[in-house]
Amino acid sequence: MATEKNTTTERRKVLITGGSGTVGLAFIKQYRDEFEFFNVSRNETYIDKLTNTFPEVQSYVSDIQDLDHLTTIFLKVKPDIVIHAAALKHVNFAELNPSRTTEINISGSLNIIKASVRAEVPIVVGISTDKACQPENIYGYSKKIMEQMFLEHYNEQTRFVCTRFANVACSNGSVIPLWIDSARKGQTLKLTDSRMNRLMFTSDEAALLIRQSIDNAERSTRPFVLCSRMKSVGMLDLAIQLSDEFGDGGKPEIIGMRPGEKLSETLVSQHELPHAFYSDDERYIVLYSDEFGREHVSEPLSSLTAEYMSEAEMRVLYEEYTREGKGSLKLAYSQ
């Protein structure tokens, strides 16, 4: 028997795994007046900071590897929407810890699927990454498997869909806050390779992508992976700009690539083009479904093929961090 869902007079319930991370916080901040939020994450310090900023958000201390506890929470909350953002996200950590990455990113994601089915959650959005496209590292492979598991389990009762992110600027552990902090201390910025480029967008744009995936899922009849069209950042250009703006303008030091790192990254591959469609407004690319636009994507989207950002566009990536300061809750930590 189907679980009775909220009436139209109630705000829909959104449960976010890893909701105390950068993306979860951005989504809560942007849509706090529209949804009722619940967070599932592990770190009590981060949960405390989340609660101090958004006291209306109810948090549960849990690990996505614990299916029984996770299911108990899902059945108690009875969410209308689940956003699965919890993951081990750093490429270098994943390379050094492949077993742990598998347990969290693959087995943990499968637990989200099982708990969502048992709780009859109508919409579940998995947060994936451009590193899942043509994966060449442990993190990318784990997220590719997560995407495929979500697509596999899509059904009328519980609609599993994914968003495929690029790099979220100023997220916890990312390079922009590190470089700004180093430049302010008068230190030389360190770059792994001068040829490196990345697709990058802000946390607010990431939140908007999640919201669009929810809107699409509500009227979908098949699973999909949703991507934003975006521009590329030359990492040497970005390092020079940050050094000029916050430091002494010194030349970045090239230190060599880390395990699992790539010079460029692809959001939509050549292999995926037969299944890739522009949305009707051409702001998004939808993989595996033509329900939201029927024009085929004609060429791969990567940090090599995308238009490069101008200095002004790169400044947008870090202006909120510099405006709110290093101690900002939104940018200070991850899930």
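Student: Which strand and helices each supply at least two residues of the lining of the second largest pocket?
Tutor: Strand E9 (197–201), helix H8 (203–218) and helix H10 (311–324) do. Helices are DSSP runs of H or I with at least four residues, strands runs of E with at least two. The model is predicted, with local features needing pLDDT of at least 70 and side-chain atom pairs 80 or more, while totals for chains, interfaces and linings use all residues. Residues are numbered from 1 along each chain, and side-chain values use heavy atoms, without hydrogens or water.

Student: Why is Thr 17 called buried?
Tutor: Its relative accessibility is 0%, and buried means under 20% (1.4 Å probe, protein chains only), so Thr 17 counts as buried. Thr 17 lies in strand E1 (residues 12–17). Beyond its neighbours within four places in sequence, Thr 17 is in contact (heavy atoms within 4.5 Å) with residues including Val 40, Ile 64, His 84 and Ile 112.

Student: How do you know that strands E5 and E6 pair?
Tutor: Pairing requires at least two DSSP bridges. Strand E5 (residues 123–129) and strand E6 (residues 159–165) have seven, in the parallel sense. In one of them, Val 125 is partnered by Val 161 of E6.

Student: What makes E3 and E16 edge strands?
Tutor: Ten strands form an open, mixed sheet in the order E3-E2-E1-E4-E5-E6-E10-E15-E14-E16. Strand E3 (58–61) and strand E16 (295–296) each have a single partner strand, so one side of each has no neighbour in the sheet. Helix H2 (residues 44–53) packs on the sheet, touching strand E2 (35–41) and E3.

Technical notes. Axes are lines fitted to C-alpha atoms, for helices over the stretch in contact, and angles run from 0 to 180 degrees between N-to-C directions. Buried means under 20% relative accessible area, exposed over 50%, partly exposed in between (1.4 Å probe, protein chains only).
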